[in-house]
Amino acid sequence: HVVMAGDPVHPPFFRTWILTVSAFALNMVTPVLNAGGEPFRMAAAARWLGPRRAAGSVVLYTMLHAMSSLLLWFSALGVALVILPHGPVLTAVIVLLMTVVAGLGALVLAGHRGGVLERGLALLLRLPGIRRFAPRLEARRAALAAVDRQLLDFYHRATRRFLLALALDFGGRVLAVGEFSLICAAIGTPVTPAQAYLIG
């Protein structure tokens with residue numbers, strides 16, 4: 001909801017919640033890839049935002065969700081560094097993984113700050129097997145540029161909303177880790193919150 005709140009016309013909060021839950025449910029039942037919910041979310045939000053801005057809001061949310069995943073992994077590796085018994089080899093592995101996750105986070109953030117879709121198209125057009133589809137892909141350049149502008153506007157002109165959306169998504173994931181405490185307690189193996197965080 002925070003992502004779409006900048007648009008003059010956007011779905012009300014309760015409707016956004018319904019769309020989000022439905023999209024996650026579709027993702028969970030889509031075989032192989034969790035990809036069924038995004039087209040649904042775009043189509044449903046288009047009623048308020050129009051097709052292009054709806055697509056942009058879904059791309060924005062997907063990138064924010066990726067960023068919050070990376071934050072979760074990075075913080076979990078930090079917890080592992082503190083609570084797991086380890087020697088120099090495991091410490092080095094954890095620090096290496098933290099570096100990789102931080103690098104991936106920087107890439108996602110660069111996408112928010114500098115646009116990613118038009119660059120992705122330019123990269124695709126350089127690939128040998130893709131060149132024959134160049135005319136079809138070029139026809140989409142204007143739409144991709146418009147979505148890129150939406151990404152840039154959200155990051156540069158609505159930084160507070162960007163940080164709020166990221167904090168809410170990350171906070172929701174941290175709270176969801178609590179389910180592992182309940183599951184472990186139910187099977188007679190209670191764990192500490194830090195252990196539950198690592199399991200999550």
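**View 1. Leu60, a buried residue of helix H3.** Leu60 lies in helix H3, where helices (H or I, at least four residues) and strands (E, at least two) are DSSP runs numbered from the N terminus. Follow the chain from Leu60 to Leu152 and you pass 92 residues in sequence, yet their C-alpha atoms are 9.9 Å apart in space. Please keep in mind that this is a predicted model, in which local features need pLDDT of at least 70 and side-chain atom pairs count only at pLDDT 80 or more, while totals for chains, interfaces and linings use all residues. Residues are numbered from 1 along each chain as its sequence is written, and side-chain values use heavy atoms, leaving out hydrogens and water.

**View 2. The largest nonpolar core.** A nonpolar core is a set of buried Ala, Val, Leu, Ile, Met, Phe, Trp, Tyr and Cys residues joined through side-chain atoms within 4.5 Å. The largest one here has 13 residues, and Leu64, Leu77 and Ile94 have the most contacts inside it. Helix H3 (51-83), helix H4 (88-114) and helix H8 (159-176) each give two or more residues to this core, with H3 giving the most, 5 residues. Looking beyond its neighbours within four places in sequence, Leu77 is in contact (heavy atoms within 4.5 Å) with Ile94, Leu97, Met98 and Val101.

**View 3. A second, separate core.** This core has 5 residues, including Leu72, Ala76, Val177 and Tyr197.

**View 4. Helices H1 and H2 side by side.** The axes of H1 (residues 13-29) and H2 (residues 37-49) come within 8 Å and cross at roughly 160 degrees; axes are lines fitted to C-alpha atoms, for helices over the stretch in contact, and angles run from 0 to 180 degrees between N-to-C directions. H1 is therefore roughly antiparallel to H2, since angles over 145 degrees count as roughly antiparallel, under 35 as roughly parallel, 65 to 115 as roughly perpendicular and the rest as oblique. Among the residues that meet are Leu19, Ala23 and Phe24 in H1 and Phe40, Ala44 and Trp48 in H2.

**View 5. The whole protein chain, for orientation.** The chain has 10 helices and 0 strands. Buried residues make up 30% of its 200 residues.

How values were computed: Buried < 20%, exposed > 50% of the residue type's maximum accessible area, 1.4 Å probe, protein only.
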